[in-house]
Amino acid sequence: MMESLLIANRGEIARRIIRTAKPLGIRTIAVYSEADAGLPFVSEADEAIAIGPSPARESYLSQERILDAAKKTGAAAIHPGYGFLSENADFAEAVEKAGILWVGAPPDAIRAMGLKDAAKELMQAAGVPVTPGYMGADQSDERLAAETETIGYPVLIKAVAGGGGKGMRRVDRPQDFAERLASCRREAAASFGDDRVLIERYIANPRHIEVQVFADKLGNCVHLFERDCSLQRRHQKVIEEAPAPGLDAATRAAICDAAVKAARAVNYVGAGTIEFIADASAGLHPDRIWFMEMNTRLQVEHPVTEAITGEDLVLWQLKVAGGEPLPKSQDEIAVNGWAFEARLYAENPAAGYLPSTGRLEHLRLPKSVRVDSGVEQGDEITAFYDPMIAKIIAHGPNREAALSTLAAACAEIEVWPVRSNAGLLARITTDPDFRAARIDTGFLDRHGESLAASEPDETVVDRAATALSKGMDGDPWSALTGFRIAATSDSRVRVRIDGHLHWGRARPDLEANAVEMGEATVLFDAGNAWSIGLPLASEIEANHGVGDGAILSPMPGLVISVDVAEGDHVAKGDRLLTVEAMKMEHSLRAPFDGIVGKLQVSTGARVSENQLVVTVIKEQD
């Protein structure tokens, strides 16, 4: 085993690697950017070294700075985690040339599987079924549009060098193709430095099923069964589970055997994941499951595989990197029970999943299940990196038991003032369709409006009234109740919840979990966080400028395109400009037919939340 290990990553995965390495007597070395100097992974490592400014390109994506840190600290090995440089073949090669052990896939395997078009050709040659589509070298708009017509709509445009849901667009009709293609190319170039794309047939009822594979330097290769990652939003996984529901023994054997065959085709070493797309319209069958891509690294969702197999996959990585054989043979690996992982993100589902940033003044994560988190109360969520707060992992003897445990855990989450998707996760885990495993990758598109709902129900309003009534001196409710002359007094009271007035009842039978946060009182309920209080003298509800045509940026970010000029005529829904935050694009559109007034920003400008960016003047009838 290596004596020291530099972790070329941050946050949750850095802490995860430290947790396995330290008991082995391995000296752990963290690298960190300016934004991350105060995060837990920095202090938990045996040694930490600063590598640059907050932007990832100047720190975690800087090969030179990370290699320099490894040399300065005498690191014997480098673990790249996931994301950043974990699938960069040039970096892997540079690490090995520097005489440092690389805890990752071989550079040749990364290259072979890193480009989706070449990977598919390789898999076809190895006898692994692939999704129909176009992977040609001709990248002209005309050729791509023509091939799409041949394939037939709907299709997926995917970045050749893509991953993690970035550089991917669904197109349902020809008139949207050019815009989606341009957007996909921009995102691909920004995220991967490569704007080439491929076109795939879009599967109507797709399930995303992936297989964990592991190979050593001695030629041994095994699988650790499958995971279902179908619950996604914008191709970003939200909840994963293992094993995959509805997968019979024959289909499981076929998909796992195909995954091992794929790994052997590239002489793979280490942890890898073979991702498949399944047409679940008529159940899961071997002839309706196709190879999508291979991730040549550890996956974010690896804990569910650890839960059902009892194996530590980071430990396996360290052993394999050191030249040891796989800890177990295929017939020694078995499935025990069921596991789920829910990704807790700093985002606001009710506002179109816009990312949320700021200090975590209040953070309570469940104690009854495994939680992998990169932050603690008091830490800052910035716009520089992925907005994940934590991963909530639940295990049980069967799917129903594991899901019930996950539901209870998600309901316990408390996050403030940063917005989170905890309430969404809690609602998903109790949704009848999800509990019955009626899932595919379009689940959140179909259920999103109800699951992301932000309006408090009657019970929440009553909890707010109950919380506000406790501990008050005198009779503060007399001015709030529905007092009526010569009539029975109405027991309802008025309360403010997130700036809106509601009628509720203080009920002694209700438990109300409210926390005083400075000048605010926050009610936590089933993962949701509500700001509550007494009515103001004058209630003014902000409409973010929609009524008068003032368009405000809904979050801090970078203006990557301005699509109109002052004086242009626009129709309702036309794109005005695009803001990028946390590697995701958000288009701001005209609220009604009108004329573009004053443009306040230009391409390349940085904007803050609620900053005025442009006005649209309604045309007079």
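Predicted model: local features only at pLDDT ≥ 70, side-chain atom pairs only at ≥ 80, totals over all residues.
Figure 1. Phe384 has a relative accessibility of 39% and is classed as partly exposed. The structure as a whole contains 8 aromatic pairs. In the pair formed by Phe384 and Tyr385, the ring centres are 6.1 Å apart and the planes stand at 50°, so the pair counts as tilted. A pair of aromatic rings is described by the distance of the centres and the angle of the planes. Ring pairs join Phe384 and Tyr385 with Tyr60 and Phe84 in a cluster.

Figure 2. Phe84 belongs to the loop that runs between β4 (77-79) and α4 (89-97). Its phi is near 45°, which is positive in a residue other than glycine. With 23% relative accessibility, Phe84 is partly exposed.

**Figure 3. Positive phi at Ala437.** Ala437 is not a glycine, yet its phi is positive, at about 60°. The residue is located in the loop between α14 (432-435) and α15 (443-451). Ala437 is partly exposed, with a relative accessibility of 23%.

Figure 4. Pro154 is in the loop between α7 (141-151) and β7 (155-163).

**Figure 5. Open sheet with the strand order β30-β37-β35-β32.** The sheet has 4 strands, and their pairing is antiparallel. β30 (550-552) and β32 (569-570) are the edge strands; each has a single partner strand, so one side of each lacks a neighbour in the sheet. The partner of β30 is β37 (residues 612-618), and the two strands pair in the antiparallel sense over 3 bridges. Within this pairing, Ala550 is opposite Thr615 of β37.

**Figure 6. Charged side chains over aromatic rings: Lys618 with Phe592 and Arg201 with Trp290.** Lys618 is placed over the face of Phe592, at 4.7 Å from the ring centre. The range of β37 (residues 612-618) ends at Lys618. In the other example, Arg201 lies over the face of Trp290, and the distance from the ring centre is 5.8 Å.

**Figure 7. Crossing of helices α1 and α11.** Helix α1 spans residues 11-21, and helix α11 spans residues 313-321. Their axes come within 9 Å of each other and cross at roughly 70°. Angles of 65 to 115 degrees count as roughly perpendicular, and α1 and α11 are therefore roughly perpendicular to each other. The crossing of these two helices, α1 and α11, is right-handed.

Definitions and conventions:
Residues numbered from 1 in each chain as written. Heavy atoms only, no water. Pairing = 2+ DSSP bridges. Phe/Tyr/Trp six-rings, centres within 6.5 Å; stacked < 30°, edge-to-face > 60°. Buried < 20%, exposed > 50% of the residue type's maximum accessible area, 1.4 Å probe, protein only. Lys NZ or Arg CZ within 6 Å of the ring centre and 35° of its normal. Axes fitted to C-alpha atoms, helices over the stretch in contact; angles between N-to-C directions. Parallel < 35°, antiparallel > 145°, perpendicular 65-115°, else oblique. Left-handed = near helix turned anticlockwise from the far one by under 90°.
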